Amino acid sequence: MTVSPERIQELLAAVPTELLIGGHWRPAASGKTLDVLNPATGEVLLSISDAGPQDAAAALDAAAAAQEAWASTAPRERGEILRRAFEAVTARAEDFALLMTLEMGKPLAEARGEVTYGAEFLRWFSEEAVRSFGRYSIAPDGKSRLLVTKKAVGPCLLITPWNFPLAMATRKIAPAVAAGCTMVLKPAALTPLTSQLFAAVLLEAGLPAGVLNVITTSTAGETTGDLIKDSRLRKLSFTGSTGVGQRLLADASHNVLRTSMELGGNAPFLVFEDADIDAAVAGAMIAKLRNMGEACTAANRFIVHESVAEEFSSKFAARIAELTTGPGIEDSTNVGPLIDEKSRQKVHELVSEAVSDGAVALTGGAPVAGEGYFYRPTVLTGVPEGARILAEEIFGPVAPIITFKDEAEAVRLANNTEYGLVAYVFTRDLNRGFRMGEKLETGMLGLNAGVVSNAAAPFGGVKQSGLGREGGLEGIEEYLYTQYIGIADPQA
Ligand code: NAP
């Protein structure tokens, strides 16, 4: 079964195509538009406003003007807006799922999963909005009182990537709303439609004008460059590649901005000799294939004990060979297209290089001919240790497998990367599981689990995978600063 063209047209007609500035939808000052394409067909879905620096400045004007009143609203009021937004996104789950499938390519079943995940940030932070506590204490010398409070950081610039169009937006917007910050959101040029629809839902949920401003643009650097240097901006929260993150961190130093950086990953997936191999294969399917491998958390290197490598590889390859690639709107599809031709070429380059260096493709290993940017899900064994495919983010449905002899070697291989977002460990030995938590240099660890994302948990990395945490108790802290008030003791 597939989705009817009428249903698609009806949904697209409901998506705002202009910039959201100060509570109004309006065209870009230049009158320019940008085309949003369907990666399964290459066809244009919608043309939307293409903002430039002038629009970005207007968006920050609106955010700065709204900041004081917004930060003074009752926390419960902000929480209720998020709760209503959660209910609305959940009620319109099918719309959001279809829109993400259309602009990003992921299969509908996965897009539905992202709606649930993305909406959870709205629910979680609706509950956190009323739990931003400070403290009061007597100074050690007894001569004064110390009052510590939390305050909204102020206007934030939020920049999101194309791979999780809803969840990456809600993961930033929900804690900012809860904390009382105003925002300028710049979604990815490849997948801005979901953010546009979500912004409309937030307005319907009662978000006051100017609190969230959305600028869609094809010229990210030029359009947001001046904002980052504007002294009214107080925070930059970015999710995307490490290269762009590094440049933005340098720019953010101009104003000593608060920054949160959710950057690239190169997740090791460790399978120990005592692992439940069937469970490891099931975990590997999720850790590798979710989002066609286009996830910062995607397992990028399978590091398997030599005694179980053959069993794991053959079972994994057999499961992968059963997958159907196709447009995400078709029920039979397990793996959608990659986001664009450039990404597909990069994936194929990494695979071809590994194969010419001696790796063997147990299944896949090539693009799918025809329209769309499809790539055959691939399992590679015998990948040499220095191969580029082990060092770079693959961002595609390709699983390179290497082997290890003992735990020390597994840890050395796993940590041999400048990234440190997440690792996956499959073992039946709980002590070893905890030991891996201590030894692996990552912000997150999946223990006998192929997915770690959870709105109630702190998501984020170490090393070049980033700074700060999104979700969990930590998530709201990124949007608050601590103020201390020293009170003289009137009796002293
Ligand atoms: P990207 O190229 O770095 O782009 C991310 C966002 O930054 C997009 O909105 C992009 O706009 C914008 N951007 C690019 N250059 C900019 C500049 N000079 N100034 C301001 N904004 C700029 O990354 P991507 O290809 O969209 O996403 C994939 C990457 O994101 C991967 O590395 C992945 O690991 C990472 N990621 C990390 C997490 C995490 O939580 N750690 C989650 C998801 C993805 P345009 O769209 O216009 O280029």
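This is a predicted model: local features need pLDDT of at least 70, side-chain atom pairs count only at pLDDT 80 or more; totals for chains, interfaces and linings use all residues.
**View 1**
A disulfide is a covalent bond between the sulfur atoms of two cysteines. For C156, the closest cysteine sulfur belongs to C181, at a distance of 4.1 Å. Because a disulfide requires the two sulfur atoms to lie within 2.5 Å, this separation is too far for a bond. C156 is buried, with a relative accessible area of 1%. A further cysteine, C296, is also buried, and its relative accessible area is 15%.

**View 2. Helix α6, residues 167-179, and the glycine that comes just after the helix.**
The helix comprises 13 residues. From the first C-alpha of α6 to the last, the span is 18 Å, close to the 18 Å expected at 1.5 Å a residue. Helix α6 is mostly covered, with 13 of its 13 residues buried. Just after α6, G180 adopts a positive phi of about 95°.

**View 3. Packing of helix α4 (residues 93-104) with helix α5 (residues 108-128).**
The axes of α4 and α5 lie 8 Å apart and form an angle of about 125°, which means that α4 is oblique to α5. The crossing of α4 past α5 is right-handed. On the α4 side, the contact is made by A93, E94, F96, A97, L98, M100 and T101. Helix α5 contributes L108, A111, R112, E114 and V115 to this contact. In an α-helix, residues three or four places apart point the same way, because there are 3.6 residues a turn.

How values were computed: Residues are numbered from 1 along each chain as its sequence is written. Side-chain values use heavy atoms; hydrogens and water are left out. Buried means under 20% relative accessible area, exposed over 50%, partly exposed in between (1.4 Å probe, protein chains only). Helices (H or I, at least four residues) and strands (E, at least two) are DSSP runs, numbered from the N terminus. The expected span of a helix is 1.5 Å times one less than its number of residues. Axes are lines fitted to C-alpha atoms, for helices over the stretch in contact, and angles run from 0 to 180 degrees between N-to-C directions. Angles under 35 degrees count as roughly parallel, over 145 as roughly antiparallel, 65 to 115 as roughly perpendicular and the rest as oblique. A crossing is left-handed if the near helix is turned anticlockwise from the far one by less than a right angle, and right-handed if clockwise. Contact means heavy atoms within 4.5 Å.
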